[in-house]
Structures are given as C-alpha cells and as structure tokens.
Amino acid sequence: MSPPDFFIGWDRNSGRAQFRFLALVAAGFLALLAGIGLLDGQDAAPRGLFHLAPPPPPDAPIDAVTLRGRVALHPYPTLFVQPDATHPSLHSVLLSGDGKRGPSIDPALADGAMVSVTGLKLRRGTIDMLVVGEEVHPLPDPPIAAPAPVSLGRWRVAGEICDGKCQTGAMQPGQGLSHRACASLCLIGGVPPVFVTASPVAGASFLLLAGPDGRALADLRRLAALPVVLEGEIERRGDLLVFKVDLTQARVL
Amino acid sequence: MSVKYVPVSWTTSKKLYDAGLIAGIALYLLAFSHFAIGAVDDQALRIRALGSCAFLLLSLVLAIGPLARLDRRFLPLLYNRRHFGVITCTIAAGHALAVLGWYFAFSPLGPYDAMLVADIGSGHLRGVPFIPFGIAALLILLVLAVTSHDFWLSFLTPKLWKALHLGVYAAYGLVVLHVAFGALQAQRAFEIEVTVCALGLVALHLWTGFREGRKPRMAAAAPSGLVHACKLGDIAEGRAIVVRLTDADPVAIFRHEGRLSAVSHLCAHQNGPLGEGRVIDGCITCPWHGFQYRLEDGRAPPPFTERIATYRLHLTGDDVMLDPSPNPPGTYVQPLEPA
C-alpha cells in the first residue's frame with residue numbers, strides 16, 4: 001500500500017511527502033514572526049516605519065536630593081523653593097509619594113509651612129516632581145513669602161489630563177490611552193493631576209490642575225488620558241501655572 | 001489515539017511543532033524588543049511585545065483550520081493545533097501579568113481591584129474601556145486551554161467540546177476590540193498587523209466557507225427514503241465519497257477491497273472529516289488526528305473504544321443507494337459486495 005497522502009502523527013512515514021512543504025511553512029513562519037516583531041517594535045511614528053535605530057541608552061541613575069522650601073497644600077502638595085541661578089523666580093516642585101500615591105503629609109502641617117523633604121527628583125519639560133519616600137516635616141526656618149498669584153485670564157485649552165508623576169518621567173509613555181488606567185490609579189492615589197497642553201500656554205506645556213475654587217479636583221478618571229478641551233482661569237504662582245477648571249464644561253475631542 | 005489519559009502524548013512531530021512555535025515566538029520577542037525605538041520603558045515594551053505576539057499567534061491559529069480545508073498539506077499544522085492554542089494563551093496570560101505588574105501595581109489598591117476600578121468609561125467612543133475586552137478574551141482562552149485535553153473532549157462529548165471551542169472566535173473578536181480601543185489609539189505600527197491579520201482571517205474563512213457551501217447536498221428520495229449517493233465506479237479503492245444530506249449529518253461511503261461501507265463523516269474525536277481520510281491497515285483513518293475505525297461496525301480497533309454511526313447501503317444496478325437513517329454508533333453492518 002502506498003504511504004498516506006496526509007499526515008498521521010503516529011505514523012513516522014506519513015509526513016515525508018510533505019516534508020519540503022512543511023519546511024517552507026516553518027521557515028515562512030519564523031520569518032513572519034521575526035519580520036512582524038521588527039515592524040511592531042518601530043513605534044516612533046513621526047520618524048517613519050522601518051526606521052531602525054539603536055536601542056535607547058539606559059536611564060541615567062536618579063540621585064536623592066533634599067529640598068527646603070515653603071509647602072503649599074492646595075490644590076495639591078507643592079514645594080516652592082527660593083530662586084537660584086537656574087530658576088530666577090520662586091521654583092515649584094510637585095510632591096508625590098512612592099508608587100501611585102500622593103505624598104505622606106503630617107495632618108498637623110500648616111499650609112505655607114517651611115519644610116525639608118528628601119526624595120527622587122523627576123523632570124519632564126517644565127515641571128519638576130519630588131518623589132518623597134518619608135513624611136514631610138516642618139522646619140523652624142523663617143517662612144519665605146508665598147508666591148503672589150497672577151491671573152493670566154480665562155483660557156480654553158486643548159490637551160490631556162495626566163498624572164503628574166508618570167508625566168514627569170516615572171513611566172514611558174506617561175500619557176496616552178494605553179496609559180489611561182495607570183494614570184487613573186495615580187490620580188486616585190493622590191498624585192497631582194497635570195494638564196499637558198497641545199500647544200504651549202504662556203510658555204508652558206504643563207499646567208497643574210485645580211477646581212474653580214483653587215482646591216483639589218474630584219474624580220478625574222472619566223477624562224484622564226483623553227484629548228480634551230478645558231476652560232478656566234490660568235494663574236501663575238512662582239514658575240507654576242495653575243489651571244482652575246470647571247470639569248462640567250470639559251469637552252472630549 | 002491513546003488508551004489512557006496522559007498530560008501530553010509526545011511524539012517527534014509534536015516536539016518539532018512546539019520547538020518551531022517557541023522559536024518563532026522567541027524571534028518575535030527578540031526582534032520587537034531589541035530593535036524597538038521610541039521612548040518606552042522596558043516594562044511597557046514587554047507588555048506591548050507579549051500583547052502583539054499573542055494577537056499574531058491567535059490570528060495564525062485561527063487560520064490553520066481553513067488553510068487545512070483548502071490544502072491538505074497544511075493538515076500537520078492542524079494535528080497539533082491545541083499546542084498552538086495553549087502556547088498562545090500562555091503568551092496572552094504573560095501580557096496580562098505584565099500589565100498587572102506594572103500599570104496596576106504600586107497603587108493603594110491591589111492590582112486586581114485596580115484593574116476593575118481604574119478604567120471607567122468616558123461617555124465617548126474614544127475612551128471606551130478596552131481592558132474589559134482583554135479580560136473577557138483571556139478568560140475564554142484560559143477555559144479553552146484548560147479544556148483542550150482529550151479528557152475534556154471525551155467528558156464533554158465532541159459536539160459540546162467543539163461548540164465550546166468555537167468560543168475562540170468570540171475571544172478573537174474581543175481581542176480586536178481590546179486592541180482597537182487600546183493600543184491602536186496610540187501605537188501606529190501595530191495598525192498594519194491588526195488590519196492584515198483580521199481582514200486576512202475574515203477573507204480566508206469566507207473563501208473556505210464559499211467552497212464548502214458549493215458542495216452539493218442531497219435530499220431523501222421518496223417513497224423508499226433512500227438517497228442516490230453515487231455510481232459504483234465513483235468511489236476509488238481505499239477512499240470515500242461524502243454524501244451531504246440536507247437535514248442530517250454527512251455520510252462517508254468507503255470502498256475497501258471492492259466492498260462498500262457507509263459510516264458517519266464526522267470523527268468521534270473532534271468531528272474531523274473522516275470521508276477525506278483513507279483506509280489504512282483495513283481501518284478508516286481520520287486525516288486530522290489519525291483516529292481509526294473498522295469499516296463494518298464503525299468501532300475503533302481494540303484497545304480503543306471510540307465509535308461512530310454506521311449506515312445501510314443498497315445497490316440498484318450501478319447506483320449506490322444510501323439509507324440516511326443512522327444506526328447507533330458501533331452497529332455492525334455487512335459491507336455491500338457488488339456482484
């Protein structure tokens with residue numbers, strides 16, 4: 001009897017007729033997976049598909065720093081440090097805790113108190129953030145003046161609501177729909193929300209969000225990581241722009 | 001075929017199959033990760049690599065069935081298709097675990113709680129929560145992977161098992177939604193893979209369905225109730241013709257050593273197309289997994305226990321007439337011997 005013209009797993013001779021075909025299928029399978037893997041990894045769309053580039057360099061080590069300054073508890077914990085050569089005006093540093101949490105603040109700490117905080121500094125664009133691993137403690141230092149709020153008027157701005165931590169470099173990407181759930185968790189955990197504008201506003205692309213009353217916003221999950229248009233007053237506090245928005249007016253693009 | 005249940009009945013072909021599969025996956029992940037560009041951290045890169053790999057594998061495993069219908073040379077891929085499915089599910093689970101360990105970690109909530117509360121709807125098409133689609137797809141794949149073993153095939157019966165495993169198409173649809181409302185909103189390169197795979201798969205199934213649909217179906221002839229199956233000379237030695245009835249399961253009529261026997265066209269193992277197999281060592285042999293049945297009673301040779309329905313045949317001159325009423329599986333029917 002002639003060998004079967006189809007493959008039978010328990011018959012060692014049955015696959016020989018298709019060996020060449022199967023070898024071609026296997027080679028095609030391997031080439032297909034390698035090729036598509038190569039294609040899928042090329043995700044820098046502006047630079048074009050098939051743009052082969054060397055792997056990015058490893059991240060530079062992040063050193064812990066200690067900063068002293070005036071803490072503002074509203075809308076979100078922010079440290080204002082004295083001007084220096086790099087920052088000619090009162091410099092703002094957003095505060096967050098480990099992971100997807102806000103900073104641990106002593107309930108007795110007064111708004112405007114002088115504090116010393118040690119943590120890891122993150123930076124993206126024009127915003128700095130300090131990831132504070134320990135509780136923020138007051139200092140007996142003489143207080144520095146609060147940054148005088150300067151209204152820049154009412155604005156309608158397109159952009160994306162992100163958590164201030166991933167957006168400052170804790171995660172890459174730190175924005176976009178694929179990062180939506182992560183951003184929501186950061187916002188739930190108390191990480192300050194940041195509005196990343198589609199085009200710069202008064203020289204800044206990163207605005208700290210606040211409610212119309214200048215206090216923290218309620219649940220932002222519905223709008224996080226989506227392209228939205230927000231409307232409200234923009235206020236300059238030191239080198240920080242605070243966008244006081246009414247979320248009921250928000251429009252998803 | 002096996003007389004007892006073992007985790008995996010390893011054969012050389014299965015080892016080669018799995019080795020090729022794992023090598024392909026390794027190549028994919030290596031190519032994706034090593035040459036990746038763009039500001040993406042290692043964890044996000046791992047999530048994307050595993051997720052896109054799982055999508056590609058799921059597309060390929062769904063292509064095996066129609067490819068094997070269109071060209072019998074693809075049958076060896078179908079033989080171990082369940083290994084392909086289990087490995088695909090493993091890669092998809094790896095993607096989910098990587099997401100849980102990164103995007104849903106470091107939160108005041110536990111990762112599973114975080115997964116359920118973090119992604120709420122926006123009330124707009126953009127921002128439709130895409131994670132529930134992925135969770136639902138993974139749950140289906142896990143059920144299919146767990147029940148892929150022959151024990152479950154036997155326990156559930158081939159008909160129910162087959163119906164359950166058609167759930168892979170629901171899983172694929174959910175994966176497409178997961179990708180469409182998630183990764184595709186942010187990653188351009190993935191568009192090509194998703195579009196080609198999804199449309200290609202639909203086209204392949206439509207083409208196969210079209211070809212299968214063109215095969216003629218026969219109605220029972222009144223008043224005898226017999227169906228004219230074919231002419232005596234239409235059936236080659238060791239082969240079968242398939243009689244597709246309008247309101248009943250198809251029947252395969254085999255010729256072996258000049259005598260004719262009619263049995264169910266559907267293998268008792270996975271409903272494979274027995275009539276497309278051939279007689280080997282005096283037994284009907286299924287082209288899908290090599291299950292065998294005796295021609296005269298539809299029983300697998302001892303020590304195996306599978307059975308299929310048999311049918312009665314009549315010869316009127318040169319015409320082979322089929323009684324479309326199936327006998328209980330394993331019923332002896334004397335093979336028809338033309339004069």
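In the predicted model, His314(B) has Met321(B) as its bridge partner in strand 9 of chain B. The pairing of strand 8 (residues 310-316) with strand 9 (residues 319-323) of chain B is antiparallel and spans five bridges. The two strands form a hairpin, with two residues between them. Gly317(B) lies in this turn and has a positive phi of about 65°.

Strand 4 (residues 259-264) of chain B is in turn joined to strand 3 (residues 251-256) of chain B by six bridges. These two strands run antiparallel. Within this pair, Arg255(B) has Leu260(B) of strand 4 as its bridge partner.

A further open sheet in chain B consists of three strands in the order 5-6-7. Its pairing is likewise antiparallel. Strand 5 (278-280) and strand 7 (292-294) of chain B stand at the edges. Each has a single partner strand, so one side of each lacks a neighbour in the sheet. The twist in this sheet averages 40° from one strand to the next. Strand 6 (residues 283-285) of chain B pairs with strand 7 of chain B over three bridges, in the antiparallel sense. Ile284(B) has its bridge partner, Tyr293(B), in strand 7 of chain B.

Helix packing is described next. Two packed helices are described by the angle between their axes and the distance between the axes. In chain B, the axes of helix 2 (residues 42-70) and helix 10 (residues 190-213) come within 9 Å. They cross at roughly 20°. Helix 2 of chain B is therefore roughly parallel to helix 10 of chain B, as angles under 35 degrees count as roughly parallel. The crossing of these two helices is left-handed. On the helix 2 side, the contact is made by Ser52(B), Phe55(B), Leu56(B), Ser59(B), Leu62(B), Ala63(B), Pro66(B), Arg69(B) and Leu70(B). Helix 10 of chain B contributes Phe190(B), Glu193(B), Val194(B), Cys197(B), Leu201(B), Leu204(B), His205(B), Thr208(B) and Glu212(B). By class, this contact has 11 nonpolar, four polar and three charged residues.

In chain A, the domain assignment gives domain 1 (64-138) and domain 2 (150-252). The C-alpha centres of these two domains lie 18 Å apart. Contact between them involves 22 residues of domain 1 and 27 residues of domain 2 of chain A. On the domain 1 side, the elements that give two or more residues are strand 2 (78-81), strand 3 (91-96), strand 4 (114-124) and strand 5 (127-132) of chain A. Strand 3 of chain A gives the most to this side, with four residues. By class, the side of domain 1 of chain A that touches domain 2 of chain A has eight nonpolar, 10 polar and four charged residues.

Methods: Residues are numbered from 1 along each chain as its sequence is written. Chains are lettered from A and ligands numbered from 1 in the order in which they are written. This is a predicted model: local features need pLDDT of at least 70, side-chain atom pairs count only at pLDDT 80 or more; totals for chains, interfaces and linings use all residues. Axes are lines fitted to C-alpha atoms, for helices over the stretch in contact, and angles run from 0 to 180 degrees between N-to-C directions. Angles under 35 degrees count as roughly parallel, over 145 as roughly antiparallel, 65 to 115 as roughly perpendicular and the rest as oblique. A crossing is left-handed if the near helix is turned anticlockwise from the far one by less than a right angle, and right-handed if clockwise. Two residues are in contact if their C-beta atoms, placed from the backbone, lie within 7 Å. Ala, Val, Leu, Ile, Met, Phe, Trp, Tyr, Cys and Pro count as nonpolar, Asp, Glu, Lys and Arg as charged, and the others, Gly among them, as polar. Two strands pair if DSSP finds at least two bridges between them. Domain bounds come from an automatic or database domain assignment.
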